[in-house]
Amino acid sequence: MTARTLFEKVWEAHSVPVDDDGPAMLYIDMHLVHEVTSPQAFEALRIAGRTVRRPLLTVATMDHNVPTIDQLAPIEDPVSAAQVEALRKNCADFGIACYGVGHRWQGIVHVIGPELGLTLPGTTIVCGDSHTATHGAFGALAFGIGTTDVEHVLATQTLRVARPATMEVRIDGELPVGVTAKDVALGVVRTIGTAGAAGHAVEYTGSTVAAMSMEQRMTLCNLTIEAGGRAGMIASDDSTIAYLQGRPFTPRGAAWDAAVAAWKQLATDPGATYDRSVHIDAAELAPYVTWGTTPAQSVAVTESIPDPQSFGDPSLRESAARALEYMGLTAGTPMQDVAIDTVFIGSCTNSRIEDLRGAAAVMEGRQVAAGVRVLVVPGSQQVKLAAEREGLDRIFMDAGAEWRDAGCSMCLGMNPDILQPGDRCASTSNRNFEGRQGRGGRTHLVSPPMAAAAAVEGRITDVRRLPARVAQAVS
């Protein structure tokens, strides 16, 4: 048999024959739904007189619009309240499980999928959200889809999609002290650019990736879309199996044994080729911080803000100049001279228990700098409970941070947790676009330990300068 990549194995196992020359069709194993992109899709089903084809393969949660404080109180924003209520009603009407506000499994869709065992190796997963690639950390093929596609999957349990090309991003070597999975992800985007993986399904390989925990792998896959990738994937291995065992929706007994045997076959075959390959030396990576308005516009924290004229490509020069104007920054300024007034630790990128441990390791015994507001938002209610059992909530609150309920929070301006015009935030989220965290807000993407360091110093800070516990802060 011809040697195949991980992507090719999963794609071919789910390919549905079609009678035309249009896009391919894939069978979808799991459809994850939230309140923002689903109302129009469900309404379209009603108008057409259709039902949900496989309601047991659709799971919903509430994350984008929900407040992260007093969650059971009425939502003040009428649009957010309407979207949350629409999801509640749609799930009830169509027989779909909904882990909404007040449910013990409520949380960010890309956090609860893996932690509940809904995300499994070799499966196809879709969600009306850009960062669905997160689930590829388990050897799944996971796509973000639009509202029209959400309706199509609800009605048919299939997805019309063009077959992407394949790309390998190989990362080898031991990570330097203070360099996290978030830094690896930013390093990838910095290396290949925001369109470097456009039209590709990316498989992350190499010794660095193999040594990562599952939560670290999720962070890496999460940012695939920021390099233009269609999906991010990592082959399943013993770490994958250990993480999934005993989760609420994973197989049991003989079915578990059969699943594990199948999952162990889900790796790229020796001799298989990719359409494109990129190699990154882990030793060359550093704690990164973005200075501009795309995740690719980053530098090592020890470096200075670049001069737009230093970019050879005219479009990159123009983009850099525009970004510095929006960000209110001057070329040549050392990154560590940039003061911040807000810190956000959360999002589907960095809100899992390892992320919170990493931030807490830096903040323990220290105080948030005067005038700095810090929001710590766990990715799910299960993560929140785990953190509280470990006392992480007390570490954050004793330092002067706010401890919140689960939700997307300040990752995007769709709930009460937003920046005001001119606010500057060190954020563990995934996008630093103009207005992403609130109109006029300025976002610097960093890892959880780097965010914690910024919180206690009141400015962008090299976490390696802070004594002692940085070695534990590697999520």
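Colleague: Is Ser409 buried or exposed, and what is its relative accessible area?

Modeller: Ser409 is buried, with a relative accessible area of 0%, where buried means under 20% relative accessible area, exposed means over 50%, and partly exposed lies in between, calculated with a 1.4 Å probe and protein chains only. This is a predicted model, in which local features need pLDDT of at least 70 and side-chain atom pairs count only at pLDDT 80 or more, while totals for chains, interfaces and linings use all residues. Residues are numbered from 1 along each chain as its sequence is written, and side-chain values use heavy atoms, with hydrogens and water left out.

The backbone of Ser409 also deserves attention, for its phi is positive, about 55°, although the residue is not a glycine. Most residues other than glycine have a negative phi. Ser409 is placed in the loop between E17 and E18, the strands being DSSP runs of E with at least two residues and the helices runs of H or I with at least four, numbered from the N terminus. Ser347 is buried, with a relative accessible area of 0%.

Asp405 and Lys384 meet through their side chains in a salt bridge, at 2.4 Å from N to O, the rule asking for a side-chain nitrogen of Lys or Arg within 4 Å of a carboxyl oxygen of Asp or Glu. Because Asp405 lies in the loop between strand E17 (402-403) and strand E18 (424-427) whereas Lys384 belongs to helix H13 (residues 381-390), the pair ties together parts that are 21 residues apart in sequence. Asp405 counts as buried at 15% relative accessibility, and Lys384 is buried with a relative accessible area of 15%.

By this rule the count comes to 24 salt bridges, and two further pairs may be described here. Arg88 pairs with Glu85, their closest N and O atoms being 3.3 Å apart; these residues lie in helix H3, three residues apart, about one turn of the helix. Arg88 is partly exposed with a relative accessible area of 39%, and Glu85 is partly exposed at 44%. Glu457 and Arg459 form another salt bridge (3.7 Å, N to O), in which Glu457 counts as partly exposed at 31% relative accessibility and Arg459 as partly exposed at 25%.

At the level of the whole chain, the protein is divided into domain 1 (6-276) and domain 2 (288-464), with bounds that come from an automatic or database domain assignment. The domain centres, taken over C-alpha atoms, are separated by 24 Å, and the contact (heavy atoms within 4.5 Å) takes 44 residues from domain 1 and 48 residues from domain 2. The area buried between the domains is about 3,400 Å², of which carbon and sulfur atoms give 55%; buried area here is the accessible area (1.4 Å probe) that two parts lose on being put together, summed over both.

Across this interface the rule finds two salt bridges. Glu303 forms a salt bridge with Arg190, with 4.0 Å between the closest N and O atoms. There are also 26 residue pairs in polar contact across the interface of domain 1 and domain 2, with both residues at pLDDT 80 or more; a polar contact is a pair of N or O atoms within 3.5 Å, where within protein one must be able to donate a hydrogen and the other to accept it, and residues adjacent in sequence count only if both atoms are side-chain atoms. On the side of domain 1 that touches domain 2, the elements giving two or more residues are helix H4 (109-116), helix H6 (181-192) and helix H8 (214-222), and H6 gives the most, with six residues.
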